[in-house]
Amino acid sequence: MTSARPGLIARDGMLDAVGALLDRLRAEPTGAATGPETGAVERTLLVLGEPGLGKTSVLEAAATLATEQGGQVRWVVGRQAEAGLAYSGLHALLDPWQPGPAGADEDDASLLHAALRGGAGEGAGQATGGGVPAPAGALVRLLSRWAQEGPLLVVVDDLQWLDRSTQDLLTLCARRLAGEPIGFVVASRPAGLADAWVRQSTVHRLDPLDEIHSARLLDSLPRAPEGRVRRQVLRLAGGNPLALIELARTSTGKSFAQDPAGSDLPLGARLERLYAADLDALPGHVRAPLLLAAVADPPDLAALGELFDKAVLECGQDAPTLHPARTHDAARTRGEETPAAADPRDVVGPRAETVRPADAVWSVAERAGLLVLRAGQLRFRHPLIRSAVLSAATFEQRARAHLLLAANPDLDEDRRAWHRAAATVTADESVAAALEATADRARRRGGHPAAATTMERAAQLSPRTEDRVRRLGAAAEFAMLAGQPLWVAELTAEVAALADTPEARAHADLHAGWALALTSRHAEAMDHLLAASDAYARTRPALAVPPLGTATMVAFISGEPRFRAAVLDRYRALPPQEPDYASTWILAGCDPFGARREALRHLREAAARSELPLGAWSMLGAAAWALDETDLAVQYYGSLLERYRQSATSGANATVSSAHALALFESGRWAAALAGVSEAEQAAAAGGLEIATLSTQILAAVLAAVRGDADRARRVLAEATRDVDLRGTRNLDARVRQAHALAALAGGDHQAAWFHLSRLFHPDSSPVHFHTSLLGLGDLAAAAVRVDGTARAREILHAVHAVHAELPSEVSPRLRLILCRARGLLAADEATAEEQLREAAFTPAGDQWPFERARALADLGEWLRRRQRPADARLPLGEARELFQGLGAIPWAARTAAELRAAGVDTAPARSTDLTMELTPQQLAIVRLAAQGLSNKEIGERLFLSSRTVGFHLSRAFPKLGVTSRFQLRDVVAQVG
């Protein structure tokens with residue numbers, strides 16, 4: 001029986017376990033002899049996780065699945081206030097059936113009521129046969145009677161607070177219910193858990209969400225945070241779903257300019273109760289240095305020296321007035337127990353030779369679960385605890401701590417500037433200037449996000465409007481280099497409100513247009529970019545080209561003819577320009593067929609220049625891809641990505657990573673493309689970029705389809721396009737259609753493939769997208785001849801030739817291959833069909849696109865075999881099969897092998913040589929980096945993951961690859977490219 005799964009993010013493994021448990025409950029008992037512990041493990045799922053990770057959501061999903069499949073559900077929820085009340089959980093289990101448990105006979109009802117009344121009543125505490133306590137025996141029989149009406153799932157939440165008496169009853173029931181359709185799904189925090197539950201359960205631990213799934217959770221909310229606030233939410237939440245939701249709720253709907261840049265987000269009451277519940281109980285001499293640690297960055301701690309001691313000694317009326325060297329002696333004099341202090345050198349460095357007051361403070365804070373002291377490092381157990389400490393203090397207390405740190409002569413100038421800024425409310429040019437210098441140093445190091453945040457704060461503290469505008473513009477530029485379009489849009493909105501010169505407004509329009517170009521707000525993006533180009537054209541024509549280059553991205557993605565015309569008209573109206581990266585992309589992106597020759601000349605001349613800005617390679621890569629110079633596109637995008645990886649970018653990485661992965665796929669490097677998908681997903685998630693995210697998910701679906709997992713491809717597409725209107729984004733609309741068609745072709749469903757491919761063209765046969773739709777012509781023709789769509793396909797092909805009168809003389813080898821394949825399949829006479837199919841299969845330079853060429857070879861071989869020419873068919877079929885197998889295109893390889901057998905060639909069943917096929921994109925990205933010799937820590941830094949997460953993914957990948965250690969990965973990766 002199949003049912004829809006509840007919508008939980010990144011909990012598929014947990015839901016699979018629940019589904020398997022429910023399947024076991026519905027299955028007939030096998031009668032196999034198993035011990036009571038083994039039987040309990042098979043029917044009990046224990047979900048462990050820290051607060052906020054979604055344990056209750058998992059239980060609710062389990063209950064929903066059980067109910068949808070015709071089962072029954074009984075809930076028990078532990079209450080902290082009732083943890084000491086015997087059988088309070090049993091009361092909750094039976095309460096809906098009071099005054100008498102339904103289905104219980106008179107004796108069992110008496111035993112259960114006696115337990116609830118505290119043991120009154122005859123036989124309440126006695127044992128039944130086999131040494132089972134009487135209430136447990138009664139509960140076992142009652143659960144068994146309930147299960148006669150259908151499989152029964154007992155769901156227990158907050159097990160750590162369930163009274164021990166009820167826990168003992170339930171563990172015993174789980175052991176005694178062998179053969180009964182009764183299961184248990186139990187959730188608990190790890191601390192305070194009885195050993196019996198771990199011993200007799202299948203344990204599933206909930207980990208924090210990774211950045212991709214954290215971003216998906218944010219995007220599923222009614223109001224997702226954007227810009228720099230989004231980055232803060234992702235960083236502070238640390239993958240905790242509750243924290244993500246609560247931080248998003250408390251941070252959205254506010255004016256962007258209200259809070260100082262770099263300030264912490266408000267926690268909200270729910271998170272404060274969860275993470276700051278124990279702060280009020282701490283004495284003042286602990287809270288003050290704890291606040292100092294919260295406002296200090298980790299590098300500050302080593303420079304603080306005796307400042308923590310000063311904070312302890314001066315923090316208020318609770319502070320002890322002890323000399324640091326006499327702390328322990330004084331404690332003994334008062335008869336107090338001396339706290340177990342950490343080695344002071346583990347906290348503040350090797351200068352300390354005596355135990356200082358702060359050492360005892362850290363010990364208290366560690367015992368309270370707030371801090372962790374490990375290997376000379378002091379850190380908060382969770383980022384939200386640090387935020388809770390800051391939130392619990394007044395601004396005056398925080399400012400005092402910041403100024404105390406800023407006064408430390410050992411602190412570097414960048415951190416000193418930030419501490420001064422955090423203690424400043426009104427405009428102060430000296431602080432703003434110090435921050436501007438800090439931002440410039442961050443920019444030179446490639447730290448564009450930090451530079452943007454710092455410059456934004458400098459702008460907020462600027463007394464003069466012109467300085468504020470200048471610094472906001474610089475912050476927008478840094479945010480653009482960091483790949484944060486939503487942040488750029490927020491900054492440029494402020495600039496536009498303040499700018500009082502045409503140049504400043506043009507600068508703001510350029511940045512705003514770039515930000516909007518990475519969204520689906522195409523018309524707004526074009527308005528800004530064309531306004532910027534027009535403004536520059538009147539005064540500085542050379543500066544008018546780059547905005548048109550960005551506008552070309554909008555024109556290409558949207559596929560809107562009027563946008564392409566507007567860009568080309570403005571470009572042609574400018575004085576003649578030397579070929580550069582922007583002009584190359586304008587020509588290639590707006591007119592890849594008519595201007596192909598001119599665009600190729602610009603591409604060669606621009607790429608030959610010795611000095612090019614960072615963003616130039618993105619436009620050159622896009623131009624090369626649009627012109628079907630795919631290998632060049634891979635080269636340009638790959639070089640740019642290596643540069644980006646040296647700095648903390650995200651949105652820029654997402655766009656380039658996605659485009660690079662697409663070029664890799666088209667050039668036949670599918671394993672590398674799969675790794676690129678993972679990198680692009682990570683970067684797009686961090687920036688909240690809808691276009692980059694959707695583009696990457698489409699490619700992920702295509703990779704799943706061509707490798708034989710059509711169901712996964714359809715799931716990815718359904719998730720990616722849910723609540724998305726693609727009508728105004730024609731490039732992605734066409735790519736979604738092609739992905740659906742490939743999934744259908746992988747399963748041999750030519751009717752579904754024809755449905756999607758025919759919709760690459762309007763009813764009048766014009767293409768939905770001027771470039772992308774044409775790439776589907778070959779598959780459209782192949783599907784048409786199998787579903788009686790030949791007449792319609794011929795109309796479309798005729799319309800394409802009518803619009804592009806210069807075809808095929810000016811087209812790329814790739815498009816020539818596709819067009820010849822379509823003409824050959826649709827030709828009415830056999831001579832033309834064979835000529836066109838042979839040209840498609842053996843087009844010079846066709847090897848650059850192996851999947852395209854393999855399909856053309858397969859079509860030629862199939863066409864020849866069906867005309868009783870098996871000897872002629874064997875060569876193209878054999879070559880096609882070899883290409884398909886090398887790529888890992890399993891469905892196509894299998895069908896080609898069948899054609900070969902029909903042509904008289906005895907072939908072994910087609911199999912994949914791609915050992916990475918079973919890996920997820922993230923696992924493949926990690927495996928490829930590990931094969932290069934990177935450590936888990938280095939891989940985590942590259943992919944924004946923890947070392948523990950990297951190790952987890954490697955442990956899952958090893959069995960799939962048939963290896964036992966990372967030293968064997970190099971050979972495996974070398975086999976698949």
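Phe 884 counts as buried, at 1% relative accessibility, where buried means under 20% relative accessible area with a 1.4 Å probe and protein chains only. This is a predicted model, where local features need pLDDT of at least 70, side-chain atom pairs count only at pLDDT 80 or more, and totals for chains, interfaces and linings use all residues. Residues are numbered from 1 along each chain as its sequence is written, and side-chain values use heavy atoms, with hydrogens and water left out.

A search of the whole structure finds eight aromatic pairs (Phe, Tyr and six-membered Trp rings with centres within 6.5 Å; planes under 30 degrees apart are stacked, over 60 edge-to-face, the rest tilted). The rings of Phe 665 and Trp 670 have centres 5.3 Å apart and planes at 20°, so they are stacked. Both Phe 665 and Trp 670 are buried. For Phe 851 and Phe 884 the centres are 6.1 Å apart and the planes at 75°, so that pair is edge-to-face. Phe 851 lies in helix H44 (residues 850–865) and Phe 884 in helix H45 (residues 870–887), so the pair ties together parts 33 residues apart in sequence; helices here are DSSP runs of H or I, at least four residues, numbered from the N terminus.

Over the ring of Trp 892 sits the charged end of Arg 895, 5.4 Å from the ring centre (the cut-offs are NZ of Lys or CZ of Arg within 6 Å of the centre and within 35 degrees of the ring normal). Elsewhere, Arg 74 lies over the face of Trp 146, 5.1 Å from the ring centre.

Note on methods:
Buried < 20%, exposed > 50% of the residue type's maximum accessible area, 1.4 Å probe, protein only. Helix = DSSP H or I, 4+ residues; strand = E, 2+ residues; numbered from the N terminus.
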